[in-house]
Amino acid sequence: MPNTEGAKKRLRQSLVNRERNRSVKSSLRTALRKFREAVAANNVDEAAQRRQSTARQLDKAAAKGIIHANKSSRLKSRMAHLLVSAKKKASA
């Protein structure tokens with residue numbers, strides 16, 4: 001248990017930040033899952049729209065330090081690759 005006032009405040013802040021970060025990470029996982037589901041269903045238009053919104057969420061999370069910037073870039077790259085291959089499949 002924290003003893004000083006400053007330590008008590010840091011504990012309160014860290015608990016609030018932990019909940020906020022968990023919420024953001026959860027929504028990111030959901031957005032990525034919905035994107036993959038759209039690709040699996042060969043719904044290219046919806047997948048393209050979801051890729052854009054998910055990429056925006058990833059960038060925001062990386063800017064706030066919730067996830068690492070390289071992780072954000074890696075996930076966006078993988079989404080782009082999935083979308084391109086889905087478009088090729090749909091046109092063939």
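I started at Phe35: leaving out residues up to four places away in sequence, Phe35 touches Ala47, Arg50, Arg51, Met79, Leu82 and Leu83. I take contact as heavy atoms within 4.5 Å.

Ground rules before going on. This is a predicted model, where local features need pLDDT of at least 70 and side-chain atom pairs count only at pLDDT 80 or more, while totals for chains, interfaces and linings use all residues. Residues are numbered from 1 along each chain as its sequence is written, and side-chain values use heavy atoms, with hydrogens and water left out.

**α1 against α2**

Next I looked up the pair α1 and α2, which pack at an angle of about 160° with axes 9 Å apart. That makes α1 roughly antiparallel to α2 (angles over 145 degrees count as roughly antiparallel, under 35 as roughly parallel, 65 to 115 as roughly perpendicular and the rest as oblique). The axes are lines fitted to C-alpha atoms, for helices over the stretch in contact, and the angles run from 0 to 180 degrees between N-to-C directions. The helices themselves are DSSP runs (H or I, at least four residues), numbered from the N terminus.

I noted the α1 side of this contact as Val24, Ser27, Leu28, Ala31, Leu32, Lys34, Phe35, Ala38 and Val39. On the α2 side I have Glu46, Ala47, Arg50, Arg51, Thr54, Gln57, Leu58 and Ala61. Sorted by class, the contact of α1 with α2 has ten nonpolar, three polar and four charged residues. For the classes, Ala, Val, Leu, Ile, Met, Phe, Trp, Tyr, Cys and Pro count as nonpolar, Asp, Glu, Lys and Arg as charged, and the others, Gly among them, as polar.

**α1 against α3**

Then I checked helix α1 (residues 5-40) with helix α3 (residues 69-91): the angle is about 15° and the axes are 10 Å apart. These two are therefore roughly parallel to each other. From α1, Leu32, Phe35, Arg36 and Val39 meet Leu75, Met79, Leu82, Leu83 and Ala86 in α3. I sorted the contact of α1 with α3 too, and got eight nonpolar residues, no polar ones and one charged.

**The core**

Which residues touch the most other members of the largest nonpolar core? They are Phe35, Ala47, Leu58, Ile67 and Met79, out of 17 residues in that core. I count as a nonpolar core a set of buried Ala, Val, Leu, Ile, Met, Phe, Trp, Tyr and Cys residues joined through side-chain atoms within 4.5 Å. Helices α1, α2 (44-63) and α3 each supply at least two residues of this core, and α2 gives the most, with six.

Thr54 in helix α2 is buried, with a relative accessible area of 1% (buried means under 20%, exposed over 50%, partly exposed in between, with a 1.4 Å probe and protein chains only). Beyond its neighbours within four places in sequence, Thr54 is in contact with Ala31, Leu32 and Met79.

Ser72 sits in helix α3 and is also buried, at 2% relative accessible area. Not counting residues up to four places away in sequence, Ser72 touches Leu58, Asp59, Ala62 and Ile67.

Arg18, in helix α1, is partly exposed at 47%. I put its C-alpha atom 41 Å from that of Lys89, 71 residues apart along the chain.

Last, I looked at Pro2, in the segment before α1. Setting aside neighbours within four places in sequence, Pro2 is in contact with Ala7, Lys8 and Leu11. The C-alpha atoms of Pro2 and Ala69 are separated by 32 Å.
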